[in-house]
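This report describes one protein chain and how its parts are held together. Please consult the sequence and the structure shown below while reading.

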Amino acid sequence: MVKILVVEDNDDILNLIKIILELNNYEIVMASGGHEALNLLKNMQELPDLILLDIMMPEISGWDVLDIMKSNKNWKKIPVIILTALAQEKDIKIGKEKQVDGYITKPFEKKYLLEQVNELILKMQKGNK
Ligand SMILES: [Mg+2]
């Protein structure tokens, strides 16, 4: 089963993503903040296949989480899709510089979220990622 770690400080969005993805047979691990996400990664037997990462979070931003991940040899290969508010166009620019694997702007359409995730998983399974 494909495992996805969702990092999002808004509980409503977090639960919505969980429901959408679980209905499509993904295994979901949730973290409501960056520190929680990093702790989960440290303690996981099997790393997630994909991470959905919110940018605007208290304590530690998604960009900081991403930088920490990219400096860890085990975590740096995990594909990351950024979750960002529509207004934050600068995030997409930063994301390109940091070579993230995708962007989902909030508020998102259920269908769009699924398409983004399915496409990336398919690419990975074909070995292109
Ligand atoms: Mg947030």
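## Salt bridges

The chain contains 6 salt bridges, a salt bridge being a side-chain nitrogen of Lys or Arg within 4 Å of a carboxyl oxygen of Asp or Glu. The model is a predicted one, in which local features need pLDDT of at least 70 and side-chain atom pairs count only at pLDDT 80 or more, while totals for chains, interfaces and linings use all residues. Residues are numbered from 1 along each chain as its sequence is written, and side-chain values use heavy atoms, with hydrogens and water left out.

One of these salt bridges joins the side chains of Asp54 and Lys106, with 2.9 Å from N to O. Asp54 belongs to strand β3 and Lys106 to strand β5 (residues 102-106), so this pair ties together parts that lie 52 residues apart in sequence. Helices (H or I, at least four residues) and strands (E, at least two) are DSSP runs, numbered from the N terminus. Lys106 is buried, at 14% relative accessibility. Here buried means under 20% relative accessible area, exposed means over 50%, and partly exposed lies in between (1.4 Å probe, protein chains only).

## Salt bridges within helices

Lys93 and Glu97 form a salt bridge in which the closest N and O atoms are 3.8 Å apart. Both residues lie in helix α4 (residues 89-97), 4 residues apart, or about one turn of the helix, and both are exposed.

In helix α5 (residues 110-125), Lys111 and Glu115 are also 4 residues apart, which means that about one helical turn separates them. Salt bridges with shared partners also join Glu8, Asp54 and Lys106 into one network. The side chains of Lys111 and Glu115 meet in a salt bridge of 3.4 Å, N to O. Lys111 is exposed at 61% relative accessibility, whereas Glu115 is partly exposed at 35%.

## The magnesium site

Which residues coordinate the magnesium ion? The donors are Asp9 (OD), Asp54 (OD) and Met56 (O), at 2.1 Å. Donors are N, O and S atoms within 2.8 Å of the metal (3.2 Å for Na, K and Ca); water is not among the atoms, so sites may look incomplete.

The donor residues follow the sequence spacing D-x44-D-x1-M. Distant parts of the chain are linked in this way: Asp9 is in the loop between β1 (3-7) and α1 (11-23), and Met56 is in the loop between β3 (50-54) and α3 (62-70), 47 residues apart. Asp9 is partly exposed, at 31% relative accessibility.

Is Asp54 buried or exposed? With a relative accessibility of 2%, Asp54 counts as buried. Apart from its neighbours within four places in sequence, Asp54 is in contact (heavy atoms within 4.5 Å) with Val7, Glu8, Asp9, Gly62, Leu83 and Lys106.

An unreviewed UniProt entry annotates Asp54 as "modified residue: 4-aspartylphosphate". The UniProt annotation "domain: Response regulatory", also from an unreviewed entry, covers residues 3-121. UniProt positions are given in the numbering used here, feature names are shortened, and annotations may be inferred rather than shown by experiment. Over residues 3-121 the chain is 45% helix and 22% strand, and the end C-alpha atoms are 10 Å apart.

## Nonpolar cores

In soluble globular proteins, nonpolar side chains tend to be buried together. A nonpolar core is a set of buried Ala, Val, Leu, Ile, Met, Phe, Trp, Tyr and Cys residues joined through side-chain atoms within 4.5 Å. The largest such core has 23 residues, of which Leu5, Val7, Leu41, Ile51, Leu53, Met69 and Ile82 touch the most other members. At least two residues of this core come from each of β1, β2 (27-31), α2 (34-43), β3, α3 and β4 (80-85). The largest share, 4 residues, is supplied by α3.

Beyond its neighbours within four places in sequence, Leu5 has contacts that include Val29, Ala37, Leu41, Pro48 and Ile51. A second, separate core of 20 residues includes Val2, Leu21, Tyr26 and Leu114.
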